[in-house]
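Please keep the sequence and the structure in view while reading.

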Amino acid sequence: AVWDRLEVDGNGPTLLVRSTDAGASWQASQVLYAPSVAGGVSQTIGNRIVVIPGGPDRGTLLNVFVQIDTRPSGSRSWVRLVRSADKGATWSEPITIAEHRAVGTRDADTGTLVRDGAIVPTIAAGPTGAVWVAWQDARFSGGLIDAIALSRSADGGRTWSEPAAVNRRAAVAAFTPVLQARSDGAFGLMHFDLSSNTADTGTLLADLWLLTSRDGISWTESVVRRGFDLMLAPNVTGGRFLGDYHGLVASGSTWIPLATLPGTGSANRTE
């Protein structure tokens, strides 16, 4: 299990605990990775860990995160990961997948903010050892709106492809992706976007999509849910909030999504 922690000095390491008996007991927590930057502070966020289930790197652990380096002149962020070939006892130096350039989601008509998963990357490892990582990124629109960026590794996470936008509608913001791999080698990617939104300033209509692919280039899209109103969701710090963490698993050839959507009234804001 991995998580991130903010220290009083502004730095934020990644921590790890291990169990070797199926969770009955746990070893003491340890710092997995402590980022640093000259003249400033550095933190990780959105740590997610997977194991490569097959291929030459079978059993290798990969932990992906966003690293935020902050200096007086400003901040820069990176999508990075670390590898362990000995069940988490030791870890590699960080490997940079790409610079992280998310700008977050808002209603283009009103400026209403959505508190999305902009700093939460997602990772999946397939049965042959292929590893895919996805995250929100605005590089494809010149920094205007976030798309879903995808990068792939064929060598156990050592090297990565250039990020490519995989959401199907480039003109609207897409956000909060989650990846999963099936045992037959297919990958699924679930994400939200604002393709159903209208000029009505009283609503903020969103959609939830499932994309599937075997090569990261050709994709098939299906609808999970369309036209739900984010204005019904709780308005918390950072905007309308459904939650950062959604789930996607596979059972045989069937994809099973778990997502938080707006509720039906003020007593049930999400469900």
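How many cavities of 30 Å³ or more does the structure hold?

## The cavity

The model described here is predicted, and the structure holds 1 cavity of 30 Å³ or more. The volume of the largest cavity is about 50 Å³, and its lining includes Val114, Arg115, Phe175, Phe192, Arg240, Phe241 and His246. Strand E9 (113-115), strand E14 (174-181) and E19 are the elements that each give two or more residues to this lining. Sorted by class, the lining of the largest cavity has 6 nonpolar, 3 polar and 3 charged residues.

## Rings and charges

Aromatic pairs number 5 in this model. In one of them, phenylalanine 175 and phenylalanine 192 count as stacked, because their ring centres are 5.4 Å apart and their planes lie at 10°. This pair links distant parts of the chain, since phenylalanine 175 belongs to strand E14 and phenylalanine 192 to strand E15 (residues 187-193), 17 residues apart. Phenylalanine 175 has a relative accessible area of 3% and is therefore buried, and phenylalanine 192, at 2% relative accessibility, counts as buried too. Both phenylalanine 175 and phenylalanine 192 are named in the lining of the largest cavity.

Elsewhere, Trp132, Phe187 and Trp219 form one aromatic cluster. Charged ends also sit over rings: that of arginine 115 is placed over the ring of phenylalanine 241, 4.3 Å from its centre, while that of arginine 169 is placed over the ring of tryptophan 209, 4.0 Å from its centre. Arginine 115 and phenylalanine 241 are likewise among the residues that line the largest cavity.

## An open sheet

An open sheet with mixed pairing is formed by 4 strands, which follow the order E8-E9-E19-E18. At its edges are strand E8 (105-106) and strand E18 (235-236), each of which pairs on one side only. Strand E18 runs antiparallel to strand E19 (residues 239-241), and 2 bridges join them; here valine 236 stands opposite glycine 239 in E19.

## Two loop residues with positive phi

Most residues other than glycine have a negative phi. Alanine 22, however, has a positive phi near 60°, and its place is in the loop between strand E2 (14-16) and strand E3 (30-33). With a relative accessible area of 87%, alanine 22 is exposed.

Lysine 87 also has a positive phi, of about 65°, although it is not a glycine. Lysine 87 is found in the loop between strand E6 (74-84) and strand E7 (95-100), and at 67% relative accessibility it counts as exposed.

Definitions and conventions:
Residues are numbered from 1 along each chain as its sequence is written. This is a predicted model: local features need pLDDT of at least 70, side-chain atom pairs count only at pLDDT 80 or more; totals for chains, interfaces and linings use all residues. Side-chain values use heavy atoms; hydrogens and water are left out. Two strands pair if DSSP finds at least two bridges between them. Buried means under 20% relative accessible area, exposed over 50%, partly exposed in between (1.4 Å probe, protein chains only). On a 1 Å grid over the protein atoms alone, a cavity is a set of points where a 1.4 Å probe fits but cannot get out, and a pocket is an open set with protein on both sides within 12 Å along at least five of seven lines; lining residues have an atom within 4 Å of a point. Grid points are joined across faces, edges and corners, and a volume is the space filled by probe spheres set on the points. Ala, Val, Leu, Ile, Met, Phe, Trp, Tyr, Cys and Pro count as nonpolar, Asp, Glu, Lys and Arg as charged, and the others, Gly among them, as polar. Rings of Phe, Tyr and Trp (its six-membered ring) pair if their centres lie within 6.5 Å; planes under 30 degrees apart count as stacked, over 60 as edge-to-face and the rest as tilted. A charge sits over a ring if NZ of Lys or CZ of Arg is within 6 Å of the ring centre and within 35 degrees of the ring normal.
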